[in-house]
Amino acid sequence: MSAEPAPSRPLRAAIVGLGMMGRHHARLLQTSGVTTFAGAVDPGGDRFGAVGDPSLVFPTVSALLDASARGADALPEIAIVAVPTEEHVAAALELVGAGVHVLIEKPLAETPERSRELIAAIRAAGVHAAVGHVERCNPALLELRRRAQDDQIGRIIHVATERIGPFPSRIRDVGVVKDLATHDLDLVGWLGGSAVETLAAQTQHRMGRPHEDLVNVVGRLDGGATFTTMVDWLSPTKVRRTRVLGERGMLVADTLTADLTFYANGEVSSEWDASRTLRGVSEGDMTRYALSRREPLLVELEAFCALVRGEPDAGVVTLEEGLAAVELADAVLRSAASGETVRMADGNADGERAVR
Ligand SMILES: NC(=O)c1ccc[n+]([C@@H]2O[C@H](COP(=O)([O-])OP(=O)(O)OC[C@H]3O[C@@H](n4cnc5c(N)ncnc54)[C@H](O)[C@@H]3O)[C@@H](O)[C@H]2O)c1
């Protein structure tokens, strides 16, 4: 008789920040069965009614930890940090200081310097941590990447992301580059198979806020593919589209609907390299894939719990990858301000880039 693997014990989990994002994390922490609920923190209380037991809503992290300390086994083992970006470091430092493993919403922190400070503190505390670049858990993007890695479209020529829509007025602390484009700056290298080598950017400030509300980025990856990223808070409709163009065709993901479509080249281009002649492509077959659509935030939570349980290949976004996205956002803003192309190897203080 073969032994069944022991079911994993749910981890005790807390959510810090009960806003637009935190309320979704709160729902999963209470209902998914992956965790038991240790409490929530928000100085504004539970505005969205996201927590079933009001006695588990605390105004500060220290109040959560104090209350937990009263019951020996009530201290959270993991916490998700979903406070405004500029508050990430302070909240995460308090949690890791108490030995709590942290899943930090993207972007990791507001600057590369603050991100490095946080990473050093997490390493010193010896806890597990990951960054919530949840787009990597989107079923359409996971499948797109799997197919690209399986060589379905041949060598990658270009990665294009588009993330446009109206302004969510709750965002006060950062512009569209740090708030939204960090998704894309993380994705282009993850999907394109190599890190960003150079980039140039243009921004616009149309809403009278101190921060930019539109950014266009054009760049190149180490592997030779180019990329473009268009992000704004100025468009009257929401579009979330990622396109990966290869020598044999193009994969297009719509991350709002989690749809993935493959457009094959009409002509077989296997002799492309041999002939060194660009013959162009014609339209071939189009296939829309039926995907199983698991909730990305739940996939992310399960991966983080697996990491905390010691699974070496849990599939989380690492702190170094989170830092790389923040460094890219910083480079985008520098490029937009100076009008210069930024070379990433020069742009990083330590000259290292995350290996994907
Ligand atoms: N992964 C994604 O797709 C995604 C999407 C949206 C937002 N985010 C990220 O999530 C974070 C939160 O964004 P949001 O849209 O939910 O913002 P939000 O303004 O809706 O919510 C933030 C909440 O944090 C609370 N808060 C502020 N300071 C706090 C503190 N010190 N301790 C506890 N709570 C505190 C606020 O009262 C508010 O309720 C940001 O970093 C953002 O970039 C990620």
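Helix 9 (residues 319-338) lies across strand 8, strand 9 and strand 15, and runs at about 55° to strand 8. Here axes are lines fitted to C-alpha atoms, for helices over the stretch in contact, and angles run from 0 to 180 degrees between N-to-C directions. Helices (H or I, at least four residues) and strands (E, at least two) are DSSP runs numbered from the N terminus. This is a predicted model, in which local features need pLDDT of at least 70 and side-chain atom pairs count only at pLDDT 80 or more, while totals for chains, interfaces and linings use all residues. Residues are numbered from 1 along each chain as its sequence is written, and side-chain values use heavy atoms, with hydrogens and water left out.

**Domains**

- The domain assignment, which comes from an automatic or database source, gives domain 1 (11-135 + 299-316) and domain 2 (138-293 + 323-347).
- The contact (heavy atoms within 4.5 Å) takes 17 residues from domain 1 and 18 residues from domain 2.
- The C-alpha centres of the two domains lie 29 Å apart.
- Between them, domain 1 and domain 2 bury about 1500 Å², with 58% of it on carbon and sulfur atoms; buried area is the accessible area (1.4 Å probe) that two parts lose on being put together, summed over both.

- An open sheet of mixed pairing is formed by nine strands in the order 14-13-12-11-7-10-9-8-15. Strand 14 (283-289) and strand 15 (342-343) stand at its edges with a single partner strand each, so one side of each has no neighbour in the sheet.
- Two strands pair if DSSP finds at least two bridges between them; strand 7 and strand 11 do this in the antiparallel sense over eight bridges, and I156 has G246 of strand 11 as its bridge partner.
- Strand 11 and strand 12 run antiparallel and are joined by six bridges, with a hairpin of two residues connecting them. R243 has V252 in strand 12 as its bridge partner.
- Strand 12 (residues 249-254) also pairs with strand 13 (residues 259-265), antiparallel over six bridges, and D254 is partnered there by D259.
- Buried means under 20% relative accessible area, exposed over 50%, and partly exposed in between (1.4 Å probe, protein chains only).

**Helix 6 and H183**

- Helix 6 (residues 176-192) lies across strands 7, 8, 9, 10 and 11, running at about 160° to strand 7.
- H183 sits in helix 6 and counts as buried because its relative accessibility is 11%.
- Setting aside neighbours within four places in sequence, H183 is in contact with K106, H133, E135 and R163.

- Helix 8 (residues 296-308) has 13 residues and reaches 19 Å from first to last C-alpha, close to the 18 Å expected; the expected span is 1.5 Å times one less than the number of residues.
- Because 10 of its 13 residues are buried, helix 8 is largely enclosed by the rest of the structure. The buried residues include L297, L301, F304 and V308.
- Among the elements covering the buried residues of helix 8 are strand 1 (11-16), helix 1 (22-31) and strand 2 (35-41).
- The end C-alpha atoms of helix 9 are 28 Å apart, which agrees with the 28 Å that its 20 residues should span.
- Just after helix 8, G310 takes a positive phi of about 100°; just after helix 9, G339 takes a positive phi of about 75°.
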